[in-house]
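Open the model in your viewer and keep the selection tool ready. The stops below go through some charged pairs and then a surface patch.

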Amino acid sequence: MLPLLSTLALAATPAPVSAQASGHDAQLWINTTLFGSVGDVAFFAEVQPRFGNGISQLDQLILRPAVGWKVTKDLTLYQGYAYVEDHGTGPVLVENRSFQEVNWKIGEYNGLKTSSRTRFEQRWRSDGKDVAFRARQQFRVAAPLFEGADSVSLVGWSETFIALNDADWGPKAGFDQLRTFAGLEVPIGGKSTVEVGYINRLIKSSGSGLQTDHIVSLNLSIRP
């Protein structure tokens, strides 16, 4: 448990910008992802509505399919596309993303299952002309609470987002956001799971401020 707690502590501390918190929001994110493969060809399809403003309204909707290749049993490369609707308080803005992803099951150490996800995104939005490039890096640790393949696991992960350039519709090069998660992963049959927990999100807001979002996360992973 000590390495897991250390990971969460480190993830919660490195806010890589010198700025003051500028706001807070309570949100609910519900994610459903179908995973599958045919031989060495892998795929996933994800639907995620996000409710914000005190969980009172739909804030964002993400549809994200991807197709990939299993390089090894522990390493998979993906090419994907994301359709994103940003609702907010004004007119709905549509963002289109192309992304490349590397999923790596790093290994198991003293009962702790570790993995990483690296994603590179190219983003276009309906209120601008520029392409915004962004890198994302997630590290994840799962600690089974009981013996056996069907054990409930304690899960922690952190994901850092770095904008690689300025774009006319908002993104500025540098730190974009940091997400830190703590919760439980519960098997629900076969290899399918439900992950439920809390996400703390530090996100760069307008000016030089940081907004802190407190998010209830429900994540259903369907693996036939």
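Buried means under 20% relative accessible area, exposed means over 50%, and partly exposed is in between (1.4 Å probe, protein chains only). This is a predicted model, in which local features need pLDDT of at least 70, side-chain atom pairs count only at pLDDT 80 or more, and totals for chains, interfaces and linings use all residues. Residues are numbered from 1 along each chain as its sequence is written, and side-chain values use heavy atoms, with hydrogens and water left out.

Select Arg-125 and Asp-127. Their side chains meet in a salt bridge (2.8 Å, N to O); the term means a side-chain nitrogen of Lys or Arg within 4 Å of a carboxyl oxygen of Asp or Glu. Arg-125 is buried because its relative accessible area is 18%, whereas Asp-127, at 39%, is partly exposed. The count by this rule comes to 16 salt bridges.

Next, select Arg-64 and Glu-46, another salt bridge at 2.8 Å, N to O. Arg-64 is in strand β3 and Glu-46 in strand β2, so the pair ties together parts 18 residues apart in sequence. Strands (E, at least two residues) are DSSP runs, numbered from the N terminus. Are Arg-64 and Glu-46 buried or exposed? Both are buried.

Move to Glu-159 and Arg-117, whose side chains meet at 3.0 Å, N to O. Glu-159 lies in strand β8 (residues 153-163) and Arg-117 in strand β6 (residues 112-125), 42 residues apart. Glu-159 counts as buried, because its relative accessibility is 1%. Both belong to a network of salt bridges that also includes Glu-95 and Asp-176.

Last, select Leu-34, in strand β1. At 36% relative accessibility, Leu-34 counts as partly exposed.

Technical notes: Helices (H or I, at least four residues) and strands (E, at least two) are DSSP runs, numbered from the N terminus.
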